[in-house]
Amino acid sequence: MTVWDQLVGQHHVVEQLERAARDNNPTHAWLFTGPPGSGRSTAARALAAALLCDHGTGCGECHSCRTAFAGSHADVMHFVTENPQISIDEARELVVKAQDRPSVGQWRVMIVEDADRMTERTSNVMLKAIEEPPPHTIWLLCAPSPMDVLVTIRSRCRPVTLKVPSAQDVAQLLVGRHNVSQERAIECARLAQCHVGIATRLALYDDARTRRQEVVSLPLNMRGVTQAVRAADRLHRLAVDESAANAEARNDEERAQLLVALGAPESGRMPPAIRGALNRLEADQKRRSRRIQTDTLDRFLIDLTTFYRDVLSVQLHTGTELINQHLSGDIHDYAGNSSAEQTLERIDVISETRDRIRTNVSAQLAFEAMMVSLV
């Protein structure tokens with residue numbers, strides 16, 4: 001399986017990146033954009049692997065492909081900030097590392113996820129390095145849309161636009177990669193709104209499906225302020241449990257990948273160098289825990305929005321397939337007891353709460369205010 005097989009439903013992007021990987025003088029800066037779940041970082045890692053591939057094709061089998069895609073290649077810097085915004089100090093560190101010459105392959109590849117989290121001052125720190133990088137350095141930036149990146153940055157990058165894959169494409173991936181039944185794969189793809197990562201988690205972990213189902217069912221049990229406050233508390237606890245489970249699974253996977261990349265022994269005492277690398281990984285994982293929780297809170301709010309999206313669809317008689325088909329009867333009853341205007345107001349309230357939790361406000365208080373407004 002080549003590195004391009006990791007990109008689901010992105011045939012036009014694969015063709016573009018394959019041509020670039022074969023080019024002896026590829027573009028020095030790229031901007032990968034697309035909705036959440038479209039595979040921005042996956043596309044960036046695939047291009048990095050193909051550029052460093054021992055065979056120049058992105059075969060997915062050679063050592064360079066596997067380590068580059070996993071982020072453990074010596075010439076790949078895969079940066080993900082643990083802060084709400086990319087700090088100036090982090091940007092300066094990236095600029096310094098971009099000056100290093102490749103140690104193994106032909107290129108030094110700098111992957112920057114969440115480039116939309118750069119403020120204007122931070123963008124200006126990186127501008128010169130992206131505009132005129134060393135001849136051996138290639139920048140791969142990821143953001144939801146070009147408008148989320150400062151114009152001076154995006155004007156110097158070659159755009160790669162990804163789309164949301166179809167439910168059928170995501171389901172096919174789940175069936176082929178994880179041996180999930182076709183029926184379950186289609187259902188999980190629909191519930192995840194074709195977000196590959198979320199669909200995979202829903203397909204593989206029953207507890208994740210149970211928590212999601214409880215989240216989207218919360219509006220059905222709110223009849224007053226008291227129930228709303230209880231629902232807010234329950235939603236917050238569900239998010240904390242989900243983020244803890246998500247972090248544990250991710251941490252275990254990263255640890256396993258690191259051990260493979262370092263050639264660690266299967267049993268016995270770890271060499272000091274490997275032990276030190278594991279300690280650094282654990283420290284990074286602890287710093288990342290807050291962001292994982294914030295991202296999980298946001299995802300639960302997106303799940304909650306799908307309930308009201310389905311209600312609005314019924315109220316407006318759009319004929320669109322419901323995301324939460326398992327609640328079809330309840331959704332029709334709820335839609336009959338409220339207006340489309342009220343539903344739109346509730347969707348706006350959830351959207352405002354999503355903005356609030358990205359700041360330093362108490363998620364618990366933000367959820368309580370939201371739930372009271374949804375009654």
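Predicted model: local features only at pLDDT ≥ 70, side-chain atom pairs only at ≥ 80, totals over all residues.
**Stop 1: helix α4.** Select residues 88–98 to bring up α4, where Ile-88, Glu-90, Ala-91, Leu-94, Val-95 and Ala-98 are buried. Look down the helix axis: these buried residues fall within an arc of 160°, so they line one face of α4. Now turn to the other side of α4, where you will find Asp-89 and Val-96 exposed.

**Stop 2: the largest nonpolar core.** Next, select Leu-235, Leu-304, Tyr-308, Phe-367, Met-370, Met-371 and Leu-374, which have the most contacts inside a core of 36 residues. The largest share, 9 residues, comes from α12.

Zoom in on Leu-304. Leaving aside residues up to four places away in sequence, Leu-304 touches Val-215, Pro-219, Ile-350, Met-370, Met-371 and Leu-374.

**Stop 3: a second core.** Select Trp-4, Val-13, Ala-44 and Val-76; they are among the 34 residues of a second, separate core. In soluble globular proteins, nonpolar side chains tend to be buried together.

**Stop 4: out on the surface.** Finally, show Val-225, Val-229 and Val-372, a nonpolar surface patch with about 210 Å² of accessible area together. Val-229 sits in helix α11 and is partly exposed, with a relative accessible area of 31%.

Methods. Residues numbered from 1 in each chain as written. Heavy atoms only, no water. Core = buried A, V, L, I, M, F, W, Y, C linked by side-chain atoms within 4.5 Å. Buried < 20%, exposed > 50% of the residue type's maximum accessible area, 1.4 Å probe, protein only. Helix = DSSP H or I, 4+ residues; strand = E, 2+ residues; numbered from the N terminus. Contact = heavy atoms within 4.5 Å. Arc of directions from axis to C-beta. Patch = residues over 30% accessible without salt bridge, like charges linked within 9 Å, V, L, I, M, F, W, Y side chains within 5 Å. Areas by Shrake-Rupley, 256 points an atom, 1.4 Å probe, with all protein chains shown as cover. Salt bridge = Lys/Arg side-chain N within 4 Å of Asp/Glu carboxyl O.
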